[in-house]
Amino acid sequence: MQQVKILWVDDEVESLQSQKMFLETKGYSVHTVANGFDAIDFVRANAVDVVLMDESMPGITGLETLAKIKEVNRHIPVVLITKNETENLMEDAIGSQISDYLIKPVNPNQVLLSLKKILENKKLIAEKTTTAYQQQFRNLFIALNSKPDEQEWMNIYKKIIYWELEMEKADSKEMLEVLHSQKQEANTEFCKFISKNYLSWMQPNQTNTPILSHTLLQKKVLPLMEKGTPLFFILIDNLRFDQWKAIQPIFADSFRIVEEASFYSILPTATQYARNSILSGLLPREIAKQFPGQWKNDEEEGGKNLAEEEFLRAHLKRLGHDSLKISFTKISNNQAGLNLVNNIHNLLNNDINVIVYNFIDMLSHVRTEMEVLKELVSDEISYRSITRSWFEHSPLHQALKKIADKKIRIVLATDHGSIKVKKACKVVGDKQTSTNLRYKHGRQLSFEEKEVVVFHNPNEAGLPESNINSTFIFAKEDSYLCYPNNYNHYANYYRNSFQHGGISMEEMILPVINMVSK
């Protein structure tokens, strides 16, 4: 391993000899200079891993030297050492992107700890994370095999996401593989759980039913309305729980997160079913019955989500909220997003503002078609990363920042998630069979029973019967459904793409976040 090189800048160099010797016994190479000018010249001519720098030096101060060093190499960590504890100096130092701040007199162990934090932080985090996950592995295993209920499944999924994000920070590839194996096992058991319990959830007057798409607005949004406080209900299409965690720190800069809860998407976990259900407060079979002109089955021509505002207003009227001042905004392109930025202050006059934002769903679909996006969104980590990058620079974020200083409440949710599919399963159907990769319905479907979850009676599953004897089948875990025609081509084309519509924790267990302005 290459020796770490430290530059120590102090006008009292002779007093550093004992500290220098101590660090050298710990394996560090320490070079000392007596002023800022020499420090800048040394950094220009040599590779340096860390700079330890006195703030008060004749000729050029530590902060001035810091600025010049950052011009040479902005990535060099700098530890400022000073007798001065004034608030202004600390703020200036932090604003100048120092890595640490030590107050004189410093002892050797203080300096050593600071160096370890800077140089070995990732390694120490990885070791600690690996040890902690190993201790939790058995607890997760026990939880998976103890017949978890609806709430316990939510907790299991959140724990898996927590460890996935921790492993990502620690860059622990070996343990991440172990976690992914446990996640696959969890999805296997989750699909059994859904297969066993979902139809009972669809029956009226069930007492142990979790919050589902069609009850989300009534149970998690409308109870939070307060007179004089505008409520923004924001639905970001296809936002998984881990993607929420990726954008959470950006929200936390401007808003206080009151509650981070979950709910279950209905099946299919697809926009025209789940989002229409959220906004209408109805199951798809009920939407088709009450709004026969607006509901379109998969095989019908035309947009499937064109009546969302009508569904929403009918829903609120049914609940006795027709006197509320409501706005509905749907963002499907950048210009619509910019219009939202310009109009956001006008929405403060409403009681409730529903904003539907399409981006992540479009990203997952476009990724399948474009080779460059397959590179950019090649795995779960990059999928989270691009979600964070999108939101940080999105018109939605710009709009919310403009009203962050107002007294508002935000409820953030989504309609469904997505999963990276890997295993192709063969399905045979007639010309009326739907084309979705994660679910299909039709009259004459032929498939392997063990590979799918089957609902022979769509009405029992809250789904409309488009044809007599129509059957719905749902892909489980990370599988996807392909027809025999040109099977190998399509199996290869869609493998490792992000899809939705089926049964997995990623698609069904979704975030619903309650936030207020700080």
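Guide: Gladly! Let us begin with a nonpolar surface patch of about 310 Å², made by Phe 137, Phe 141, Ile 142 and Val 178. A patch here takes residues with over 30% relative accessible area and no salt bridge, joining like charges within 9 Å and nonpolar side chains (Val, Leu, Ile, Met, Phe, Trp, Tyr) within 5 Å. A salt bridge is a side-chain nitrogen of Lys or Arg within 4 Å of a carboxyl oxygen of Asp or Glu, and accessible areas come from the Shrake-Rupley method with a 1.4 Å probe, with only the protein chains shown counting as cover for residues. Please keep in mind that this is a predicted model, where local features need pLDDT of at least 70 and side-chain atom pairs count only at pLDDT 80 or more, while totals for chains, interfaces and linings use all residues. Residues are numbered from 1 along each chain as its sequence is written, and side-chain values use heavy atoms, leaving out hydrogens and water.

Helix 6 gives the most to this patch, with 3 residues. Helices (H or I, at least four residues) and strands (E, at least two) are DSSP runs numbered from the N terminus. Val 178, for its part, sits in helix 8, which covers residues 173–201. With a relative accessible area of 33%, Val 178 is partly exposed; the class lies between buried (under 20%) and exposed (over 50%), using a 1.4 Å probe and protein chains only.

Now follow helix 6, residues 121–144, to Thr 129. Thr 129 has 6% relative accessibility, so it counts as buried. Leaving aside residues up to four places away in sequence, Thr 129 touches Trp 163, Glu 166, Met 167 and Ala 170, where a contact means heavy atoms within 4.5 Å.

Stepping back to the whole chain, there are 20 helices and 18 strands. The C-alpha trace spans about 90 × 50 × 40 Å along its principal axes. Of the 518 residues, 53% count as buried, as Thr 129 does. The accessible surface comes to about 24100 Å², and carbon and sulfur atoms hold 48% of that. As for contacts between residues at least 6 apart in sequence, 74% join residues at least 24 apart.
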